[in-house]
Amino acid sequence: LFDIDETLVDLHAAMGTTLRALGRHDLAHFTADEWTTFTSLFTADPEGYYDRYLAGELSFADQRVRRVQHARLGTGQPLLDDDTAQAWNTTYETTLPLHFRAFDDVAPLLDELDARGIPYGAVSNNVHDYQRAKLDAAGLERIRVLVGIDTVGAAKPDPAIFHEGVRLLGTDPACTLYVGDNLSVDALGASAAGLHGIWLDRAAQQTAARDAAGTHPGDGIPVARSLQDVLAFLPA
């Protein structure tokens, strides 16, 4: 089982391309460093607005608008008024899917899983239909098993959402890998649910700290730097 955003689909790149398309009239007011800061603040969401959406405190649109407003504040730009913010969100919503792309290492791994007859799917902290459309737009229609937060009324790291993915695969938690880019929510969450959690550390955030066995010190979580590394955790 896989996470989707930043694991299968390069969402940050899609966000950056979309922000540039929507902000083309504002780019003249940004230095190169300011634009980097702006996109980083929006994609990284340091204020945790997406987590507040998952907690039911904000709507999906509200969390996105708050993220862009925070990014504007952080780069000295004026806040959007309500009407402009609503129009911005509508345009963002229609533009973002045009830029969804799978990472280059996704198809080779899925090809290998198909060749070995190993079932696979995705468990995501977003609603099913939105993520279904995202996978399809990224050319990942063959991932048929998909669990969203609305499927079981729970979000990662709640064990229920992982267990639903396992149920749909027809496997057993103890025989199922879960691969995701978030150490806490994905790898540790899956492990606590009885699966084998693997942290996909594409940015090599812990390269210096990883031990010779390729595990994250202190918790024993296996670390993969790309999806190609996941093959090492599969049975021969």
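Where does alanine 155 lie? Alanine 155 is found in the loop between helix H8 (149–152) and helix H9 (159–169); helices are DSSP runs of H or I with at least four residues, numbered from the N terminus.

Before I continue, a note on the source. This is a predicted model, in which local features need pLDDT of at least 70 and side-chain atom pairs count only at pLDDT 80 or more, while totals for chains, interfaces and linings use all residues. Residues are numbered from 1 along each chain as its sequence is written, and side-chain values use heavy atoms, with hydrogens and water left out.

Setting aside neighbours within four places in sequence, alanine 155 is in contact with Leu54, Asn125, Ile149 and Ile161, where contact means heavy atoms within 4.5 Å. Its C-alpha atom is separated by 26 Å from that of glycine 16, 139 residues away along the chain.

I turn now to a helix pair. The axes of helix H1 (residues 11–22) and helix H5 (residues 82–95) come within 10 Å and cross at roughly 135°. Axes are lines fitted to C-alpha atoms, for helices over the stretch in contact, and angles run from 0 to 180 degrees between N-to-C directions. H1 and H5 are therefore oblique to each other, since angles under 35 degrees count as roughly parallel, over 145 as roughly antiparallel, 65 to 115 as roughly perpendicular and the rest as oblique.

Which residues of H1 and H5 meet? Met15, Thr18, Leu19 and Leu22 in H1 meet Trp88, Thr91, Tyr92 and Thr95 in H5.

Notes:
Helix = DSSP H or I, 4+ residues; strand = E, 2+ residues; numbered from the N terminus.
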